[in-house]
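Please look at the sequence and the 3D structure shown here.

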Amino acid sequence: MRSLPKLLSCICLSLALAAPALLDAQGFDNPNWWRHAVIYEIYPRSFADSNGDGIGDLNGITRRLDYLKGLGVDAIWITPFYPSPQVDFGYDISDYRAIDPQFGTMADFDRLVAEAKKRDIRIINDMVLNHTSDKDPWFIESASSRNNPKADWYIWADGKPNGQPPNNWQSDFGGSAWQYVKARNQYYYHEFYKEQPDLNWRNPAVKNAMFDICRFWMKKGVMGFRLDAITSLFEDVALKDEPYLTGPEAGLNEYGEKKLRHIYTDNLPEVHDILRQLRQVVNEYPGRILIGETYLPNVGELAKMYGRNNDELQLPMDTQLGFTNHFSVPDFRAKLKDAETRLNGNVPLFVFENHDNPRSINRYGDGTHDAAIARLLATILLTPRDAALIYYGEEIGMVNHDPKSRDEVQDPVGRKYWPKNKGRDGERTPMQWNAGPDAGFSTAAKTWLPVGGDYKTVNVAAEEKDPDSLLNYYKKLIQLRRENAQLRDGDFVSVDESNNNVLSYLRKKDGRAVVVSLNFTASPQTVNLTGKGVSGRHAKTILASYANPGNTNDLSNISLPPYGAYIAEVQP
Ligand code: GLC
Ligand code: CA
């Protein structure tokens, strides 16, 4: 999460060797399932509450599997549900092999995996390898003395002679990244909250323990992992001070501290050694995948996350396109082309929303055409050659519901830096299922975060009934990308590149092409695609984000309403 502005081949071979008989039925038998997958991120506290305590849980997810099946998702990534003091709402894990009672039991989890599998939906766990909770028995032992068996499991260092922290490294959540512990008369490093001490990945015992935890979950049928903060695994051994940013990048961060260039705490080359080894572990089980939380500065660094021999992550997140945060055709075109042409042919994983960033409409909407802009973004997410991440509620157009006062804030970072930083509660509010009490999320008198004020109209039940809703547009797009051979497997070709109002591209396969044209402006536009890498005269409409697109269009004169998205088959 470091470089975010706000907080902001051979697998086929090895799988072929792993006896196909091991691959199970029910649609789980395709080791390449992830290549054009739609993966749905669930923040379990906020998705569905089955027992009325105001906090979402695993049984809540199980009850909603039919909805996810209907949407067309291939997998769900659930953010951490392991036992945790919940300082960072689950990203501070104190037991990696169990379920936090507020989310349910291991039996509930096993049932979720089994029920999901019946619906051809895979479960992806969030795996936090960079740090544990300070209440994890590993850390408690490590912190107890300088010579206990786990003394070297975390990043410990002496303070400066004057008692100050070892160096100038900063926590992503503000302040020094070092915390003093009296029992050792030493400091430990924490990239995130002080309750999240960083593990020492140079210690093979740490690595082996974590790899065994991954095996534990894969044996339970988990189909892969989303690796949290994966570029943060290593820090410089000499603990050198990080340099301050200079030039146009210089300045203060959102906590009022001078910005550092994170060359000694982020994206160190050793990360790749671990990813290669972890990929081997994952390859022990068929069809398993690794997704990475990879906020990287450029496409070159992102390309490296796949591994030199495609032996690291299958799906590192592309955070360049979805977090462009600038609604402009040249910017989107550049980022799309980067992902499609500069990742060595690998599949990009596009993402517009997650639990750490404001909802996409809050970043790209103009307040007037938000409904159309949401459809346009959905089209960019689901029609390139990519795997796609959807964050719960994105498909119904949920927006941020930021806390109104400091005492409402749950996310510690928002409480500490209010009102400059309101924390991440706004993008984590309960899923809006219907127009009833608690939006159908819960039956509690008070939910852990308040339900968004727009739930009477923005909800699943209302949108399921409305054929023109955003939800039904998502469903159509997802179905299309499964059924249409060009959209499923076709090459991506950018066309009409001198047009700064409309973004157009083709998906080509077997001599046929599908064209996608997206109007990024508030005025109607016409595009002429003939002779611009498109051979054909007519476009046969497949899907449009607006009413009455017509059955066919002349390729030399496609009309698009404001923010309209148009998908058509090119006819000779
Ligand atoms: C990742 C998570 C974020 C969490 C942080 C520390 O960035 O997405 O929610 O706070 O890691 O685990
Ligand atoms: Ca509950």
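Strand β9 and strand β10, which covers residues 349–351, pair in the parallel sense over two bridges. The model is a predicted one. Within this pair, D318 stands opposite F350 in β10. Strand β9 itself spans residues 315–318, and two bridges also join it to strand β8, residues 289–292, with the two strands running parallel.

The strands described so far show the parallel kind, as in β8 with β9 and β9 with β10. The antiparallel kind comes next.

Three strands form an open sheet, and their order is β4-β6-β5 with antiparallel pairing. At the edges stand β4 (156–157) and β5 (178–181), each of which pairs on one side only. Strand β6 is made of residues 186–189, and four bridges link it to β5 in the antiparallel sense. To locate this pairing in the model, find Q179: its bridge partner in β6 is Y188.

Another open sheet has six strands, again with antiparallel pairing, in the order β12-β13-β14-β19-β16-β17. Why is one side of β12 and of β17 left without a neighbour in the sheet? Strands β12 (491–495) and β17 (552–554) stand at the edges and have a single partner strand each, so one side of each lacks a neighbour in the sheet. From one strand to the next, the twist averages 30°.

At one end of this order, β17 pairs with β16, residues 538–544, in the antiparallel sense over three bridges. Residue A539 has N553 of β17 as its bridge partner. Two helices can then be placed against the sheet. Helix α9 (residues 329–341) packs on it and touches β12 and β13 (502–509). The direction of α9 makes about 25° with that of β13. Helix α14 (residues 470–483) also packs on the sheet, where it touches β16 and β19 (565–571). The direction of α14 makes about 125° with that of β16.

Next, turn to a loop. V451 lies in the loop between α12 (412–417) and α13 (460–465). Leaving aside residues up to four places away in sequence, V451 touches P430, Q432, D438 and A439. For a sense of distance, take V271: it is 180 residues from V451 in sequence, and the C-alpha atoms of the two are 39 Å apart in space.

The last stop is ligand 1. Which of the 14 residues around ligand 1 come nearest? They are D88, D228, E293, H355 and D356. Sorted by class, the shell around the ligand holds four nonpolar, three polar and seven charged residues.

An N or O atom in the side chain of D228 is 2.8 Å from an oxygen atom of ligand 1. For H355, a side-chain N or O atom is likewise 2.8 Å from a ligand oxygen. A polar side-chain atom of H131 lies 3.0 Å from an oxygen atom of ligand 1. Taken alone, ligand 1 exposes 300 Å², and the protein buries 100% of that.

Technical notes
Residues are numbered from 1 along each chain as its sequence is written. Chains are lettered from A and ligands numbered from 1 in the order in which they are written. This is a predicted model: local features need pLDDT of at least 70, side-chain atom pairs count only at pLDDT 80 or more; totals for chains, interfaces and linings use all residues. Side-chain values use heavy atoms; hydrogens and water are left out. A residue is near a molecule or strand if one of its heavy atoms lies within 4 Å of it. A polar contact is a pair of N or O atoms within 3.5 Å; within protein, one must be able to donate a hydrogen and the other to accept it, and residues adjacent in sequence count only if both atoms are side-chain atoms. Accessible areas come from the Shrake-Rupley method with a 1.4 Å probe; for residues, only the protein chains shown count as cover. Ala, Val, Leu, Ile, Met, Phe, Trp, Tyr, Cys and Pro count as nonpolar, Asp, Glu, Lys and Arg as charged, and the others, Gly among them, as polar. Two strands pair if DSSP finds at least two bridges between them. Axes are lines fitted to C-alpha atoms, for helices over the stretch in contact, and angles run from 0 to 180 degrees between N-to-C directions. Contact means heavy atoms within 4.5 Å.
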